[in-house]
Amino acid sequence: MTGMQPPIQAQDIRYAYGELEAVKGISFEVGPGEILGFLGPNGAGKSTTIKVLTGQLSPCSGRALILGRSVHEHSAEVQALIGVCFEEKNLYLNMSVKENLDFFARLFSLKHFDAMPLLRRVGLADRAKDRAKNLSKGMKQRLMMARALVNSPSVLFLDEPTDGLDPISSQAIRQVIREEAARGAAVLLTTHDMLEADALSQRVAFINEGRIVALDTPESLKLAHGKRSVKMRMHGTQGVREVVVALDEADAGDKLRAAVADEGLMTIHTEEATLEAIFIKLTGRRLEG
Ligand code: ATP
């Protein structure tokens, strides 16, 4: 029965810190096995939205539903269904790596929990007995990711899970995110890394000043807002020159054929619109700052 309900539903959520309206009516859904990238500049309202969806804040109006259950009316039930990886959520620093997971498993009353497979997945099996406080920043981040998965959640909220990690750790975390989605988990992923969002997400939502300004697949956004072009370099009697052909122009085919037939052709590059360029076009803002 619950399988019929979308894992995440945000229905016209509004939230204000006193006078400051941080979230001004946000609605979206995330389906099973879907990764939704949540993108926006600092202060756009991403964390506030996630806090409402995970029950840490009560919305001024609107509803947050997890698998059809109201987050604020069925809090305990909802907490058992979700996994959360937030930067400010602290680990138990004096416990060992393994104890952190075992402790969390007890909170969920899991009887046959084995931390080791989970620690292997995030590359921390050999640090199982170390105290959490002795881990590096990236290792702590990976431990928080593992902790978010202890209850095999149907819904994952990940706030900047790869922020500040080295490329190998980031890759490991991305692989885990993909595996969780393949298992059927719905994932809401905030990131400032546009390439990461593009690579991982089925759809991305652009958040700006408390509102969703675009929500679609990266491909559709690029088709709708981006310019595609081909850039070629050719050498001839006057040296090297660059020719750019916009693919949406009527005579693009003729220009491309002429260039390919040209003996001086050196390189051809397609220039795809990036999510970053589209974001700036839609909001007039860059992501950082
Ligand atoms: P970032 O990318 O920096 O994490 P964000 O999109 O997650 O940004 P929020 O943290 O949701 O943004 O903040 C939205 C707005 O609400 C900002 O103007 C911020 O200053 C404000 N805000 C956030 N938390 C509080 C708080 N506890 N008290 C008052 N204002 C807050």
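**First look**

Q: Let's start with V23. Buried or exposed?
A: V23 is buried, with a relative accessible area of 1%. Buried means under 20% relative accessible area, exposed over 50%, and partly exposed in between (1.4 Å probe, protein chains only).

Q: Before we go on, what kind of model is this?
A: It is a predicted model: local features need pLDDT of at least 70, side-chain atom pairs count only at pLDDT 80 or more, and totals for chains, interfaces and linings use all residues. Residues are numbered from 1 along each chain as its sequence is written, and side-chain values use heavy atoms, with hydrogens and water left out.

Q: Back to V23. Where is it found?
A: In strand 2, residues 20-30. Helices (H or I, at least four residues) and strands (E, at least two) are DSSP runs, numbered from the N terminus.

Q: And what is V23 in contact with?
A: Leaving aside neighbours within four places in sequence, V23 is in contact with I13, R14, Y15, G45, T48, T49 and G210. Contact means heavy atoms within 4.5 Å.

Q: R14 is in that list. What is the bridge partner of R14 in strand 4?
A: S61. Strand 1 (residues 8-17) and strand 4 (residues 61-66) run antiparallel, joined by five bridges. Two strands pair if DSSP finds at least two bridges between them.

Q: Which strand do two bridges join to strand 4?
A: Strand 5, residues 69-70, also antiparallel to strand 4. There, L65 has S70 as its bridge partner. Strands 4 and 5 form a hairpin with two residues between them. L67, in the turn, has a positive phi of about 45°.

Q: New topic: the ligand. Which residues surround it?
A: Y17, L20, A22, P41, N42, G43, A44, G45, K46, S47, T48 and H192. The cut-off for being near is a residue heavy atom within 4 Å of the molecule or strand.

Q: Where does the backbone of G43 come in?
A: A backbone N or O atom of G43 lies 2.7 Å from an oxygen atom of the ligand. For A44, a backbone N or O atom lies 3.1 Å from a ligand oxygen. A polar backbone atom of G45 is 2.9 Å from an oxygen of the ligand.

Q: How much of the ligand does the protein bury?
A: The protein buries 59% of the 630 Å² that the ligand exposes when taken alone. Accessible areas come from the Shrake-Rupley method with a 1.4 Å probe; for residues, only the protein chains shown count as cover.

Q: On to helix 10. Which of its residues are buried?
A: In helix 10 (residues 275-283), they are L275, I278, F279 and T283. Seen down the helix axis, they fall within an arc of 110°, so they line one face of helix 10. The arc is that of the directions from the helix axis to the C-beta atoms.

Q: What covers them?
A: The cover includes strand 3 (35-39), helix 7 (194-200), strand 9 (203-208), strand 10 (211-216) and helix 8 (218-225).

Q: What does T283 touch?
A: N208 and V213, not counting residues up to four places away in sequence. The T283 side chain also reaches the backbone oxygen of F279 at 2.8 Å. T283 counts as buried, at 14% relative accessibility.

Q: What comes just after helix 10?
A: G284, which takes a positive phi of about 70°.

Conventions. A polar contact is a pair of N or O atoms within 3.5 Å; within protein, one must be able to donate a hydrogen and the other to accept it, and residues adjacent in sequence count only if both atoms are side-chain atoms.
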